[in-house]
Amino acid sequence: MAEEDDSGQEKTEEASSRKIEKAREEGQIPRSRDLTTTVVLLLATIGLYIFADFMADKIIGITRASFVIPRETIFDTNAMIALLAAAIYDGLFSIAPLMAVLVIASIAGPIALGGFIFSGKAMAPQLNRMNPIAGIKRMFSLNSLIELIKSVAKVSLILWATILILQMYAQDMFRMSDEPVGDAIIHSLDISIFATILLSVTTIAIAAIDIPIQIYQYNKKLKMSRQDLKDEAKDTDGKPEVKGRIRQLQREMAQRRMMGNVPQADVVITNPEHFSVALRYDPETMDVPIMLAKGGDHMAMKIREIANAHKIEIIQSPVLARAIFYTTDADEEIPAGLYLAVAQVLAYVFQLRNYRKGKGDRPQYPRNINVPREMRYDAKGKLE
């Protein structure tokens, strides 16, 4: 049965990346104590086996130096202090390799599952953990039952492995009574180390079972309801009214920028009432005309007002105005399909300028502006 959140909704959805990130910030990552135990035991026993001779030689040397002392040294307090310091130094040096292995094991074990993480929130005291009622609930929860089953399984497995190891080494242990004392001690140490390694290997099976359980419980704990996903989306992307306000401000900024570009236009093409587009073309610096601004209704009127104020030519061509309006954005080049139609308008505008300067004859207004059929739109933006 799926878990439920406080609102009663089932947590059926996988955790989002944001939820996982927040969990890691709080120190919540999958951990397996059995994996840590396995790594520490294995590396410790292997390290003990590798460094056993080195440690034994150092300890024997410390023992000899401590018990074979000249008479004059016994009554010299300074010499005794020096001998004690040397013994402590040699003792620490003898176990240093094994301690280094244990430090590596104690670090590698926890980060093998979930990776390394440092979280101040995880170290902060949490008063809700001191709630006795919550503690009783945890004692009789499903997780506690799973931990109990795991503990019984671990004890049973280790007991079974111990019996097998005792049967394996039974004859060797019986024969040690016939061996010389020195050989018997070395033999018993070998048996003890190998038995410890074999017992440590059995914990691998325990860790192999525990790791999937911990990952499953971690993912289950982070599961979200659909309402959780919606709330997270609001927090991440912003509430709809806030996003709407942002879009409105962006539109207003874009409109102000377009209005500021209108005085640079060479011509304004209108619907004549519903649409206006402002175009600019400089043959020396541009390959294609650019639309500087466009607008409908109120914005169209505003563009025409600015054009009149700056004595920019206004051309009425409903089909061409709608085609440019619906196919081109501000500061973009006009599409290739409209090159010919826009060229007719610009040629008329440039010839009209020369005429007003007293150069050439008065040009004829272009009556048949060629707009491709596939780029003809009606006032609602639908292809005709």
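Predicted model: local features only at pLDDT ≥ 70, side-chain atom pairs only at ≥ 80, totals over all residues.
## The second largest pocket

The pocket itself has a volume of about 310 Å³.

Which residues line this pocket? Look for T45, L48, Y49, A52, D53 and A56, along with I186, L189, D190, S192, I193 and T196. Two helices, α2 (33-67) and α8 (181-222), each supply at least two residues of that lining.

## The nonpolar cores

Now for the largest nonpolar core, which has 25 residues. Inside this core, I269, L320 and I324 touch the most other members. Strands β1 (267-270) and β2 (275-280) each give two or more residues to the core, and so do helices α12 (318-327) and α13 (339-356). The top contributor is α13, with seven residues.

Let's zoom in on L320. Leaving aside residues up to four places away in sequence, L320 touches I269, L338, A341, V342, V345, I369 and V371.

There's also a second, separate core, made of 13 residues. M259, A265, L292 and M299 are among them.

## A buried arginine

Head over to helix α11 (residues 298-309) and you'll find R304. Is R304 buried or exposed? R304 counts as buried because its relative accessibility is 11%, and the cut-off for buried is under 20%.

So who are its contacts? The side chain of R304 makes a polar contact with the side chain of S276, at 2.9 Å. Besides S276, R304 touches T270, P272, E273, F275 and I314, again not counting residues up to four places away in sequence.

How values were computed: Residues numbered from 1 in each chain as written. Heavy atoms only, no water. Helix = DSSP H or I, 4+ residues; strand = E, 2+ residues; numbered from the N terminus. Buried < 20%, exposed > 50% of the residue type's maximum accessible area, 1.4 Å probe, protein only. Polar contact = N/O pair within 3.5 Å; in protein donor to acceptor, adjacent residues only side chain to side chain. Contact = heavy atoms within 4.5 Å. Core = buried A, V, L, I, M, F, W, Y, C linked by side-chain atoms within 4.5 Å. 1 Å grid on protein atoms, 1.4 Å probe; cavity = no way out; pocket = protein on both sides within 12 Å on 5 of 7 lines; lining within 4 Å. Points joined across faces, edges and corners; volume = space filled by probe spheres on them.
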